[in-house]
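Try each task before reading its solution.

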Amino acid sequence: MKIGYDAKRFFNNQSGLGNYSRDLIRILNEFYPENNYYLYAKKETSLGNLTNNSKSIFFKSLKKTFASRQLNMGIQSELDGCHIFHGLSGEIPLFWKNKKIRKVVTIHDLIFIRYPNFYSFFDRIIHFYKFKYAVKNADLVIAISEQTKTDVINFLKIPAEKIQVIYQGCNNIFKQEPDKELLEKVKEKFNLPAKFILNVGTIEERKNLLNIVKAINNTSIPLVVVGKKTNYFKTILSYIKINGLENQVLFLENVNTIELASIYRMASIFVYPSLFEGFGIPILEAIFCKTPVITTNYGCFKEAGGEHSVYVDPLNVQELQENIINLWENESKRKEIIEGAFLYAQRFNDKEISAEIIKVYSLLLQ
């Protein structure tokens, strides 16, 4: 099989959609190297180093012109003899010549519809029409969770039989036990506390970091935060200064993936009370690093965390605080959660996910 991919995120996004794209190509190349995987983008970057180590993955340069992804990528994939084209981030090209090429699109979430206040009017309009066109014209829609599938049915009016839920996994580095020397180096580099709770993700309103900070107020529990800062950070910082929490909350920047995995390993609890996600990959990362998770009690979060993680109302600061303190003080409970959640997470291993992807590709070509 020859499969073409929209690889813009593969080469340009360090997290989120970029991680999904790189992990998908990595596992397909690992378990199904007999196929050819064509990555279409305007330029190659160091994020896409998979292309240097495989005889099955090929970078295909697009013209560096306006809207080349929408106008030229589909036709180029046809000229290259691709049997399937897969849009990895909610889009597929607008133009094709050969109607026989089968089209797949992955939808991660429809947060711009559920929470329009987090997006500009212009962005909402653009996202809606891109996603609507993609799901309507694709032969198959892959949703990364049951929650996303429900949203695609309800908001984009796509029949359920056209949608396949295939969960995503996470980078292998989170599944590997780091040596003690590396842990010590990371701890020293970032001056980490001996014991702490952790939050990972872009520091934006939807991720709800402020309520974690409020939950540790009037406690002695240190909080470590890893994530890109947005304007919302100013709100967090203001609360920290007013309540004298400067020495209790540590913000980390320039953390690479290996270091992040080590930080997950050292954390006592991972706290992730996001208001909404398409799936919640940081939950999986924490579970594979054997760190207990406290997260949101609705939406997709239970799909990622399983029945052994702890679920709270993300808007209820008191409930969040009570659960943090309870786990913080109860080592045996933490171990119990880790054992159950880690067993549950095995369904998100690479071999199973890659097999599901190849199965839907093959069915489309029958």
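**Exercise 1.** Which strands does helix α7 lie across, and at about what angle does helix α7 run to β7?

*Solution.* First, the ground rules: this is a predicted model, where local features need pLDDT of at least 70, side-chain atom pairs count only at pLDDT 80 or more, and totals for chains, interfaces and linings use all residues. Residues are numbered from 1 along each chain as its sequence is written, and side-chain values use heavy atoms, with hydrogens and water left out.

Next, the terms: helices (H or I, at least four residues) and strands (E, at least two) are DSSP runs numbered from the N terminus. Angles run from 0 to 180 degrees between N-to-C directions, with axes fitted to C-alpha atoms, for helices over the stretch in contact (heavy atoms within 4.5 Å).

Now the reading: helix α7 (residues 146-156) lies across β5, β6 and β7, at about 165° to β7.

**Exercise 2.** Find the strand order of the seven-stranded open sheet, then its edges.

*Solution.* Strands pair if DSSP finds at least two bridges between them. The order is β3-β2-β1-β4-β5-β6-β7, with parallel pairing. The edges are β3 (57-61) and β7 (163-165), each pairing on one side only. Strand β6 (residues 140-143) joins β7 over three bridges; I142 has Q164 in β7 as its bridge partner.

**Exercise 3.** Why is one side of β10 and of β13 left without a neighbour in the sheet?

*Solution.* Start with the order of this six-stranded open sheet, β10-β9-β8-β11-β12-β13. β10 (249-252) and β13 (310-312) stand at its edges with a single partner strand each, so one side of each has no neighbour there.
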